[in-house]
Amino acid sequence: MSPKDSLYQQLRSHLAYLKLPAAAEALPAALEHASGSGQTHTEFLEQLLAVEVDATEARRLAGRMRFANFPAPWRLADFDFDAQPSIDPALIRDLASCHYTADATNILFIGPPGVGKTMLAVALGHEAVEAGLRVYYTTAADLAARCRKAALEGRWATTMRFFAGPAVLIIDELGYLPMPTADANALFQVISQRYLKSSIILTTNRGANAWGDIFGDTTIAAAMLDRLLHRCAVINITGDSYRLRAHQARNQQHTTTIQPPPGGEFR
């Protein structure tokens with residue numbers, strides 16, 4: 001083996017030892033490019049390490065996406081703002097910058113079913129993940145069920161630490177079902193431990209004045225709202241359900257398409 005080949009193998013060995021597999025894989029092409037373009041040693045090293053940096057960022061992004069547990073791949077580009085004029089697109093774009101996470105500001109989407117609350121929450125979650133933040137999505141019912149199970153199995157503290165961890169916690173569909181006292185207490189504990197530390201994006205079909213009905217306890221409702229609304233962007237969405245409108249459009253199309261023959265009836 002020539003000294004040049006030996007040096008090449010040592011370099012690959014060093015990259016493998018340092019756990020830089022992408023750089024090791026790119027080494028032959030990088031060397032060929034360097035020899036043909038007259039790159040300096042610094043330029044060669046920067047190009048090689050840039051490959052590893054890109055691969056590392058891609059792995060980390062994929063890991064954050066898996067952890068986020070999103071129910072759908074919705075992005076802000078998918079949202080039809082023209083169909084929901086009650087929403088200020090400029091506000092949503094500002095929230096997409098993720099500046100709200102700097103001071104643990106929360107986001108509260110309020111509106112009837114089908115108006116796009118979950119879609120916007122998930123889309124903002126994607127923006128946060130791509131900005132390098134850890135995000136976790138759960139429904140209010142699943143959060144409560146997980147906390148109940150944790151209490152029975154003696155893992156309450158571990159579960160509370162889990163929900164305290166993400167920079168952004170998305171809690172979806174609060175208010176669709178009443179929450180027993182134990183579930184309401186669990187949700188309160190999650191909100192309380194994140195207060196002024198990290199952000200919550202919460203969607204609900206019930207206005208703040210109806211939260212006492214959700215929990216069957218006005219004291220717990222008031223305590224939750226006090227913490228959520230202290231620093232919060234509240235977005236009220238009005239209008240018809242996207243799903244109902246789509247259903248009506250399909251029915252209209254079906255009615256328009258199927259017409260009786262001229263001067264007669266279907267037989």
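Let's start with helix α5: 12 of its 14 residues are buried, so the helix is largely enclosed by the rest of the structure. Keep in mind that this is a predicted model. Buried here means under 20% relative accessible area, and the residues that pass are Lys-117, Thr-118, Met-119, Leu-120, Ala-121, Val-122, Ala-123, Leu-124, Gly-125, His-126, Ala-128 and Val-129.

After the helix comes Gly-132, with a positive phi near 95°.

Now for the empty spaces. Rolling a probe the size of a water molecule over the atoms shows where they are left. In this model there are 2 cavities of 30 Å³ or more. The largest cavity holds about 40 Å³ of space, and its lining includes Ala-104, Asn-106, Ile-191, Arg-194 and Tyr-195. Helices α8 (181-194) and α10 (218-230) each give at least two residues to that lining. By class, the lining splits into 6 nonpolar, 2 polar and 2 charged residues.

The second largest cavity comes to about 30 Å³. Ala-104, Asn-106, Tyr-195, Leu-196, Arg-227, His-230 and Arg-231 line this one, and they divide into 3 nonpolar, 2 polar and 2 charged residues.

Technical notes: Residues are numbered from 1 along each chain as its sequence is written. This is a predicted model: local features need pLDDT of at least 70, side-chain atom pairs count only at pLDDT 80 or more; totals for chains, interfaces and linings use all residues. Side-chain values use heavy atoms; hydrogens and water are left out. Buried means under 20% relative accessible area, exposed over 50%, partly exposed in between (1.4 Å probe, protein chains only). Helices (H or I, at least four residues) and strands (E, at least two) are DSSP runs, numbered from the N terminus. On a 1 Å grid over the protein atoms alone, a cavity is a set of points where a 1.4 Å probe fits but cannot get out, and a pocket is an open set with protein on both sides within 12 Å along at least five of seven lines; lining residues have an atom within 4 Å of a point. Grid points are joined across faces, edges and corners, and a volume is the space filled by probe spheres set on the points. Ala, Val, Leu, Ile, Met, Phe, Trp, Tyr, Cys and Pro count as nonpolar, Asp, Glu, Lys and Arg as charged, and the others, Gly among them, as polar.
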